[in-house]
Each structure stands twice: as structure tokens, then as C-alpha cells.
Amino acid sequence: MDSRSVRTPRLLLKPVTWRDMEDMVRLKADGGAFGRMLGGVRSRQQAELEMADDIAFWACHRVGIFTIHEQGRFVGMTGIHDRPDGRGFALRFALFPWASGRGIAREAASAALNFAHDAGINKVIAVAAESNVASRTILGGIGMRVEETFERDGQTMLVYESVWPKL
């Protein structure tokens, strides 16, 4: 197991690698998993470009995107990326719809956020649509707080923040 991997009571989070490409392509092509993400559903080519960026991000920042496994089965992804809108290092998470509703996203996102803070990333943000109650519940449940709002494509977006150490 990679020293950057994180084990929770029921999950294993592993830094994304090229070996995860097929799982990530399926996840990112799933409208239920990625339809509400910035940029939406991805093509295979887009997923490959993002994989290259994610692997390079790990190399540069010692944090990044994890795959999420429950009992050895790939169920989704979580972790930190640099938002393309310049807002900074952000937490993201996505699960296949069949894996939702059991607290996996909350458990994985919390572990990824703690990993980032332990790695020295003092400020982590997350962005969720005001209408995305599920994501907002997860973000609030792991201690993130709404710090600002903005409009995107006619939707109110909430910017959550986690700062460590607490000021």
C-alpha cells in the first residue's frame, strides 16, 4: 500500500494512478456521478488529460485526488485539486449513484480534507450549488463553513472553507 493511502473504518483511499484510468473514465462519464461537477461529464480524452494533471499535482503538492474503495470495489473519487477558476485548492468528491446514501462520500471527503491539512495545506475550499443539498450536507458535516457566494450559469454557488490551524 502506498504511504499516501488513507484507511478509514470501511474505506481505502489511494492516490490516483494510471492503473485507475478505466474506473475513472466510467465514473467521469456517469451523469449521476459527474453531472453536477464543474465542467460536467467528461469524455475519455478529457478524463485522460485530467489524470495526467492529477498525477502531476500529487508530485508537486504532496496531495491530490484519491480513488475510493469499499471492500475492494471502486466506488468513486475524492481529494484536492487546483480549481480552474483560480479560487485555490479545493476538495471534490464524486460517487457512482449506486454507492450513494450510505455516508461514503462524507467519510472519504473528511479523510481527504484531514490528509490535506496534515500535509500542510492550511486552506481548502469546496464549491457546491445552493440547490445541491447532498453536497452541502457533507461539506457542513465535515466542518467546512460557507464563506462566500457567486453566480454561475444562473445558479447560486456556495464557497465553503476549511482553515487549519483554526484561527
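Q: Leaving aside its neighbours within four places in sequence, which residues is glutamate 50 in contact with?
A: In this predicted model, glutamate 50 is found in helix α3. Once the neighbours within four places in sequence are left aside, the residues in contact with glutamate 50 are Lys28 and Arg42.

Q: Does glutamate 50 count as buried or exposed?
A: A residue is called buried when its relative accessible area is under 20%. Glutamate 50 has a relative accessibility of 19%, and therefore counts as buried.

Q: Which pocket has glutamate 50 in its lining, and which element gives the largest share of that lining?
A: Glutamate 50 lines the second largest pocket, together with residues including Arg42, Asp53, Asp54 and His81. About 230 Å³ of space lies in this second largest pocket, and its lining divides into four nonpolar, one polar and six charged residues. Both α3 (44-61) and β4 (73-82) supply at least two residues of the lining, but the largest share, four residues, comes from α3.

Q: How do the buried residues of helix α1 lie when seen down its axis?
A: The buried residues of helix α1, which spans residues 21-29, are Met21, Met24, Val25, Leu27 and Lys28. Seen down the axis of α1, these buried residues fall within an arc of 165°, and so they line one face of the helix.

Q: Which elements do the buried residues of α1 pack against?
A: Lys28, which is one of the buried residues of α1, is also in contact with glutamate 50, and glutamate 50 is found in helix α3. Taken together, the buried residues of α1 pack against α2, α3, β3 (65-70), β4 and β5.

Q: What is the geometry of the aromatic pair that phenylalanine 66 and phenylalanine 115 form?
A: The structure holds six aromatic pairs. For phenylalanine 66 and phenylalanine 115, the distance is 5.3 Å centre to centre and the angle between the planes is 90°. Planes over 60 degrees apart count as edge-to-face, and this pair is edge-to-face.

Q: How many residues apart in sequence are the parts that this pair ties together?
A: Phenylalanine 66, at 1% relative accessibility, counts as buried, and phenylalanine 115 is buried as well, with a relative accessible area of 19%. Phenylalanine 66 lies in strand β3 and phenylalanine 115 in helix α4, so the pair ties together parts that are 49 residues apart in sequence.

Q: Which residues form one aromatic cluster?
A: Phenylalanine 66 and phenylalanine 115 form an aromatic pair, and both of them belong to one cluster, whose members are Trp58, Phe66 and Phe115.

Q: Are the rings of phenylalanine 96 and tryptophan 98 stacked or edge-to-face?
A: Phenylalanine 96 is buried, with a relative accessible area of 6%, whereas tryptophan 98 is partly exposed at 43%. Their rings have centres 5.4 Å apart and planes at 10°, so the pair is stacked.

Q: Which element gives the largest share of the lining of the largest pocket?
A: About 800 Å³ of space lies in the largest pocket, and of the 39 residues that line it, the closest to its centre are Arg36, Met37, Phe93, Asn132 and Ser135. The lining divides into 21 nonpolar, 11 polar and seven charged residues. Among the elements that give two or more residues to this lining are α4 (104-118), β6 (123-129) and β5 (89-95), and the largest share, six residues, comes from β5.

Technical notes
Residues are numbered from 1 along each chain as its sequence is written. This is a predicted model: local features need pLDDT of at least 70, side-chain atom pairs count only at pLDDT 80 or more; totals for chains, interfaces and linings use all residues. Side-chain values use heavy atoms; hydrogens and water are left out. On a 1 Å grid over the protein atoms alone, a cavity is a set of points where a 1.4 Å probe fits but cannot get out, and a pocket is an open set with protein on both sides within 12 Å along at least five of seven lines; lining residues have an atom within 4 Å of a point. Grid points are joined across faces, edges and corners, and a volume is the space filled by probe spheres set on the points. Ala, Val, Leu, Ile, Met, Phe, Trp, Tyr, Cys and Pro count as nonpolar, Asp, Glu, Lys and Arg as charged, and the others, Gly among them, as polar. Buried means under 20% relative accessible area, exposed over 50%, partly exposed in between (1.4 Å probe, protein chains only). The arc is that of the directions from the helix axis to the C-beta atoms. Contact means heavy atoms within 4.5 Å. Rings of Phe, Tyr and Trp (its six-membered ring) pair if their centres lie within 6.5 Å; planes under 30 degrees apart count as stacked, over 60 as edge-to-face and the rest as tilted.
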